[in-house]
Amino acid sequence: MSNAREHFLETVLQYRFNPDEPGSESHWSPELDTAPRSGLREIQSEKLVAAIRYVYECSPFYRAKFDALKLKPADIKGIDDLGKIPVTTKAEMARNVVEHPPWGTYSPIDDDLWSRRGWMLFTSSGTTAQPRPFRYTLFDRDMWAWADARSLWAMGVRPGDKAFLAFGYGPFAAFWGFQHGLNRIGVPAIPGGALDSKRRAYFIDTFHPTVLVATPSYCLFLGSVMQEMGYDPAKSSIRLIVSGGEPGVCIPATKRRIESLWGATLHEMYGCTEAAPSAGGCLCHAEVWNERPNTHLLEDCQIWETVDPETFEPVPPGQRGLTVATNLISEGSPQLRFLVGDFATFTEERCACGMTHVRAIGGFQGRADDMLNIRGLTVFPSAVEEVVRHIDELGDEFEIVVYEEHALDCLRIVAEPRPEVPASRHASLVEKIESEVRAKIGLRPEVEL
Ligand SMILES: [Zn+2]
């Protein structure tokens, strides 16, 4: 093993407190979770310096970026020097994969190491043709279990719970992390992969899991399937939902719908395939009751920044920007200043739960990639979602269509009235959607029911 790799992994392990069991009833790693902010910065600095030596030595992609700027690992002496490192974008990584197929060189892992100590391959879910691959190791699996256990513990998951994971167990990273994090706490997992929704509903009714892990849109869908089958999800054994992968948890109307449908609290896990392992972020048991809850990030695991969408210059807490992560705990994917690209506003205020780590105010508002630009106006699909799901007479599903008419971009929203809503109400529903969307985004949409 190279010196730099060995030193980095040792440094990571040095700060992995409470690896197997919680340190207190309220916090899994109390020393880290409630550390003073100055202490957190010291940990970040030490890990960052070790990570940069490692990445410079073992990742040709990053070495080339450093060399092009005549930047040496020794120039980064701590977190205050972070800004000297340029931001890395998904497009750069995608180009790197095309130039060096099939893996690219942004990972400090090679075939030999991965075939001996590898754990899994995850790929980006992006819309580009060639997926960006990320090879994670057994070291990462262990860190993942620990970091996710911390997040799940902050939500209130405890021994005695049983979790049902409603996802396909495919190359999408997040749910595999949940699986190992739950097991680290001592919570068994009931896998819902390769089961259709009716079978999943039957599993919930029969095996009585208390925790449901699923995307927000799937929570709504699975709940409606249960109702069609004659079960009431609100009376089911589910008491807590862990969700991620979509902005739904931060959209008040969607959160309210899911929580009342299931009679359970809805918690966000936030992260990305590129800078795992670890959820990165979690919605704790204290914040979950707020209408616009703030989501925690684990700052000893990753350095989180928000940057200006145009210049990529860091913006201060309290100002909206795009999320950037520097991963401090991964052997397989220790990315430096990776542009995750979700809009967020950070606060450094201590949370009621006692955690001192930075939080995203109102959670994560959607990925910049999802943003539409219509006649010069910025339109987030989440804004339309908030309007549609706020109207009780409408179903959960909706469609946003952008089309061109006389060389102008136009917006059409297709929504579904609930079956019990009489046709005589439809015209006023159309009007309501039109005016509420217009008030939110400044553009009058065409509405179709
Ligand atoms: Zn909290």
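This is a predicted model: local features need pLDDT of at least 70, side-chain atom pairs count only at pLDDT 80 or more; totals for chains, interfaces and linings use all residues.
Which residue in E11 is the bridge partner of threonine 306? It is threonine 323. The points below set that pair in its context.

1. **Overall size.** The chain has 449 residues, and a compact globule of that length would have a radius of gyration near 22 Å. The chain has 22 Å, so the two agree. The C-alpha trace spans about 75 × 55 × 40 Å along its principal axes.

2. **Burial and contacts.** Of the 449 residues, 44% count as buried. Contacts between residues at least 6 apart in sequence were also examined. Among these, 68% join residues at least 24 apart.

3. **Secondary structure.** There are 13 helices and 18 strands in the chain. The next points take the strands, then a pair of helices.

4. **The open sheet.** An open sheet is formed by 11 strands. Their order is E4-E3-E5-E6-E7-E8-E9-E13-E12-E11-E10. The pairing is mixed. At the edges sit strand E4 (189-191) and strand E10 (302-307). Each of these edge strands pairs on one side only.

5. The partner of E10 is strand E11 (residues 320-327). The two pair in the antiparallel sense, over six bridges. Here the opening question finds its place: threonine 306 has threonine 323, in E11, as its bridge partner.

6. **Strands E1 and E2.** Strand E1 (residues 118-123) and E2 run antiparallel, joined by five bridges. Glycine 118 has threonine 137, in E2, as its bridge partner. Strand E2 (residues 133-137) is mostly covered, with four of its five residues buried.

7. **Helices H10 and H11.** Two packed helices are described by the angle between their axes and the distance between the axes. For helix H10 (residues 216-228) and helix H11 (residues 252-262), the angle is about 40° and the axes are 10 Å apart. The crossing of H10 past H11 is left-handed.

8. H10 brings Pro216, Cys219, Leu220 and Gly223. H11 meets them with Thr254, Arg257, Ile258, Leu261 and Trp262. Six of the contact residues are nonpolar, two are polar and one is charged.

9. **Helix against sheet.** H11 also lies across strand E6 (240-243) and strand E7 (265-270). The helix runs at about 130° to E7. Both strands belong to the open sheet of point 5.

Methods
Residues are numbered from 1 along each chain as its sequence is written. A residue is buried if 20 or more other C-beta atoms lie within 10 Å of its own, exposed if 12 or fewer, and partly exposed in between; C-beta atoms are placed from the backbone. Two strands pair if DSSP finds at least two bridges between them. The radius of gyration is taken over C-alpha atoms; the globule rule is 2.2 Å times the number of residues to the power 0.38. Two residues are in contact if their C-beta atoms, placed from the backbone, lie within 7 Å. Axes are lines fitted to C-alpha atoms, for helices over the stretch in contact, and angles run from 0 to 180 degrees between N-to-C directions. A crossing is left-handed if the near helix is turned anticlockwise from the far one by less than a right angle, and right-handed if clockwise. Ala, Val, Leu, Ile, Met, Phe, Trp, Tyr, Cys and Pro count as nonpolar, Asp, Glu, Lys and Arg as charged, and the others, Gly among them, as polar.
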